[in-house]
Amino acid sequence: MLWMWLLCFVFVCNSERIYEGLVVYHDELKLPDLPYDYNALEPYIDEATVKVHHLGHHKTYGDNTNKALKEWREADPTSPLARSSIVRILQEITEVPETWQVAIRNNGGGFVNHVIYWATMCPNGGGSPSGELMMQINRAFGSYVAFQEHFTSAASKLFGSGYVWLCENVKGGLVIMSTKNQDSPLSDGLYPLLVVDIWEHAYYLKHQNKRAGYIQSWWNTVCWDEVPKLQRFWHQSRNSL
Amino acid sequence: MSVVSSLVRLARAAPFAARFKHTLPPLPYAYNALEPVISREIMEIHHTKHHAAYVNNLNVAEDQLKDYVERGDVNSMIAVQNAVKFNGGGHINHSIFWNNLTPLGEGQPKGDLLAAIQRDFGSFDTLKTQLASKTVAIQGSGWGWLGYNKERGKLDLAVCSNQDPLQATTGLIPLLGIDVWEHAYYLQYKNVRGDYVKAIWNIVNWKDVSARYDAAIKG
């Protein structure tokens, strides 16, 4: 009996996070399952929104990325970049041929951005970070409260569609930055640790025009246990990218 | 010197003293009038919340701009331009949009406008297909437009991001705009923007679009 429990323990501890496939080449990107049920983020993010957001928007970004990648690979069978991971492609987005650059920036960016979004939320989220990450936040922003205020302010002020990110740069410094539409911080040489989706589709069904209410709710879903894991993942992946 | 001319001189010397404040224009129809194409709920929020916010924030941005101009703070004058463009554009665009729509959609344009459409696009159906396609393809938030190119004397299509106003950013005179910010359709159409853009043709106010075209070619 003990071996069964050990096996379960090992399986749970080693179960792949939804972002791990992003740094590996795939013939076709597959929409990852959410790490929780569609209603798990209630009452902060409603089930109807999570469903359409994942199965509608996120899936479409994946499908459109696959279409663009397939065309590019067929047109240029020798391009090493075309046969890299989607993360690598976004990091080198300006090297993607013009014919597919916009489609891959928008759809590949959309695919990856949403994986990070889902990955850093969880039921029973909220609270604040601890350990090394908390120390980094204090160093970069003065305090967790100051970080939260700065992040919230950026999210409130963003014009149009986009995201607000907490990222780590190659020197290990933390920055808050925003991207428009589906642009990815990976294209700016940054590694995303936490993100809030500010496209209206992320909140309109529940909050309508009240973006501030959505941002406030979203803080309750932030998974401070997962953020350091994502951070370590980028550290480990960096060399193989 | 007469009292009147003194007052005129004073008014000219203090141009911002009785500054014009933008106000939310009323809809030319009831909130539920565009159903089933656009729901009452969307119309009400779109008008009383989104458009109203653009109007209020435009007034705030203009007050700030006035302040910076008076203080000679050029850096701040430049910095506030984004807010003026965004909120001013939002106010312009939505003011056109409400009049571009009508519960009494006639289905297609007539007269001079129809002739111009056939001349510049081949047919009304081609215009619809091209404008719909460009509009649905907009990344993020923005507007699809049928506009008039005064320099070339022809109709043209354009898309604008966010609330960038068509005329100020492209020179085209706006005739018909389709708002594809998600707030314009999400509560009813969710992620299927194409269905919304397909349906909106049923409520286009071609009389309004024609009137704008007539004014554009004369002006």
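Me: What is a salt bridge, and how many does a search of the whole structure find?

Reply: A salt bridge is a side-chain nitrogen of Lys or Arg within 4 Å of a carboxyl oxygen of Asp or Glu. Side chains of opposite charge can pair when their charged atoms come close. The search finds 18 salt bridges over all chains. A word on the ground rules. This is a predicted model, where local features need pLDDT of at least 70, side-chain atom pairs count only at pLDDT 80 or more, and totals for chains, interfaces and linings use all residues. Residues are numbered from 1 along each chain as its sequence is written, chains are lettered from A and ligands numbered from 1 in the order in which they are written, and side-chain values use heavy atoms, with hydrogens and water left out.

Me: Which residue meets R88(A) in a salt bridge?

Reply: E92(A) does, at 3.3 Å from N to O. Buried means under 20% relative accessible area, exposed over 50%, and partly exposed in between (1.4 Å probe, protein chains only). E92(A) is partly exposed, at 27%. R88(A) is also partly exposed, with a relative accessible area of 27%.

Me: Which residue forms a salt bridge with E106(B)?

Reply: K207(B) does, with the closest N and O atoms 2.9 Å apart. This pair links distant parts of the chain, 101 residues apart. E106(B) sits in the loop between helix 4 (81-100) and helix 5 (111-121) of chain B, and K207(B) sits in helix 10 (residues 206-218). Helices here are DSSP runs (H or I, at least four residues), strands are runs of E (at least two), and both are numbered from the N terminus. E106(B) counts as partly exposed because its relative accessible area is 37%. K207(B) counts as exposed, at 59%.

Me: Which residue meets D120(B) in a salt bridge?

Reply: R119(B), at 2.8 Å from N to O. R119(B) is partly exposed, with a relative accessible area of 48%. Salt bridges can also share partners: R17(A), E226(A) and K229(A) are joined that way into one network.

Me: How do I read a strand? Take strand 1 of chain A: which way do its residues point?

Reply: In a regular strand the side chains alternate between the two faces of the sheet. In strand 1 of chain A, G162(A), V164(A), L166(A) and E168(A) point one way. Y163(A), W165(A) and C167(A) point the other way.

Me: How many bridges join strand 1 of chain A to strand 2?

Reply: Two strands pair if DSSP finds at least two bridges between them. Here 7 bridges join strand 1 to strand 2 (residues 174-180), and the two run antiparallel. W165(A) stands opposite M177(A) in strand 2. The two strands form a hairpin with 5 residues between them. In the turn, G172(A) has a positive phi of about 85 degrees. Strand 1 of chain A also runs antiparallel to strand 3 (residues 191-197), joined by 6 bridges. There E168(A) stands opposite Y191(A).

Me: Where is R152(B) found?

Reply: R152(B) lies in the loop between strand 1 (142-149) and strand 2 (154-161) of chain B. R152(B) is exposed, at 58% relative accessibility. Its C-alpha is 26 Å from that of N162(B), 10 residues away in sequence. Strands 1 and 2 of chain B run antiparallel and share 8 bridges. G142(B) stands opposite S161(B). These strands form a hairpin with 4 residues between them, and G153(B) in the turn has a positive phi of about 65 degrees.

Me: Is S39(B) buried or exposed?

Reply: S39(B) is buried, with a relative accessible area of 16%. Its place is in the loop between helix 1 (3-13) and helix 2 (40-71) of chain B. A contact means heavy atoms within 4.5 Å. Leaving out residues up to four places away in sequence, S39(B) touches Y31(B) and Q188(B).

Me: How many helices and strands does chain B have?

Reply: Chain B has 10 helices and 3 strands. Its C-alpha atoms fill a box of roughly 60 × 40 × 35 Å, taken along the principal axes. Of its 219 residues, 45% count as buried.
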